[in-house]
Amino acid sequence: MKRIIITSILALIFSCSSVIARTIIVKVSNIRGEKGNILVMAQQGKESKPVYGMAKAEKGTAVIKLENVEWDEFDLSVFHDENDNWKMDFSEDKKPVEGYAMKSWKPKQDEETVSLKLYYPTHE
């Protein structure tokens, strides 16, 4: 009887700790300049703790690693913080002036690569 109880407790402990943490590689393209940083956030719903990544902006493409992403499905948000103020900037008519991209995603392996293309709604 003790053996059954101990085995049940161990099975419960291992099933609770079997969350797979992944490394997600985010390839961001269409970066229009070298000012600022490219900021990436992965999150599963508004209540979950986000996972963040960042890279120095370079014209063209940047690659950012997100470590310890534990969800099977999540949302990715990316934006080009050109003026390093850590927030998305908007024009007077409420349109974003910095590049951004968003995607809901479901990885298929322990380490996956996702590609996102920045969209710049206004051109300076």
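Me: Buried means under 20% relative accessible area, exposed over 50%, and partly exposed in between (1.4 Å probe, protein chains only). So is Arg 22 buried or exposed?

Reply: Arg 22 is buried, because its relative accessible area is 8%. Keep in mind that this is a predicted model, where local features need pLDDT of at least 70, side-chain atom pairs count only at pLDDT 80 or more, and totals for chains, interfaces and linings use all residues. Residues are numbered from 1 along each chain as its sequence is written, and side-chain values use heavy atoms, with hydrogens and water left out.

Me: Ok, where does Arg 22 sit?

Reply: In strand S1, which covers residues 22-31. Strands (E, at least two residues) and helices (H or I, at least four) are DSSP runs, numbered from the N terminus.

Me: What does Arg 22 touch?

Reply: Leaving out residues up to four places away in sequence, its contacts (heavy atoms within 4.5 Å) include Leu 66, Trp 71, Asp 72 and Pro 107. With Trp 71, a polar atom of the Arg 22 side chain lies 2.9 Å from the backbone oxygen.

Me: Switching topic: how many helices and strands are there?

Reply: One helix and seven strands. Starting at the N terminus, the order is α-β-β-β-β-β-β-β.

Me: Which strands make up the open sheet?

Reply: Four of them, in the order S3-S2-S5-S6, with antiparallel pairing. Two strands pair if DSSP finds at least two bridges between them.

Me: Why is one side of S3 and S6 left without a neighbour in the sheet?

Reply: S3 (51-56) and S6 (100-105) are at the edges and each has a single partner strand, so one side of each has no neighbour there.

Me: How many bridges join S2 to S3?

Reply: Six, and the two strands run antiparallel, with S2 covering residues 37-43. One example is Val 40, whose bridge partner in S3 is Gly 53.

Me: Last one, for the whole protein: what share of residues is buried?

Reply: 38% of the 124 residues. Also, of the contacts between residues at least 6 apart in sequence, 63% join residues at least 24 apart.

How values were computed: A polar contact is a pair of N or O atoms within 3.5 Å; within protein, one must be able to donate a hydrogen and the other to accept it, and residues adjacent in sequence count only if both atoms are side-chain atoms.
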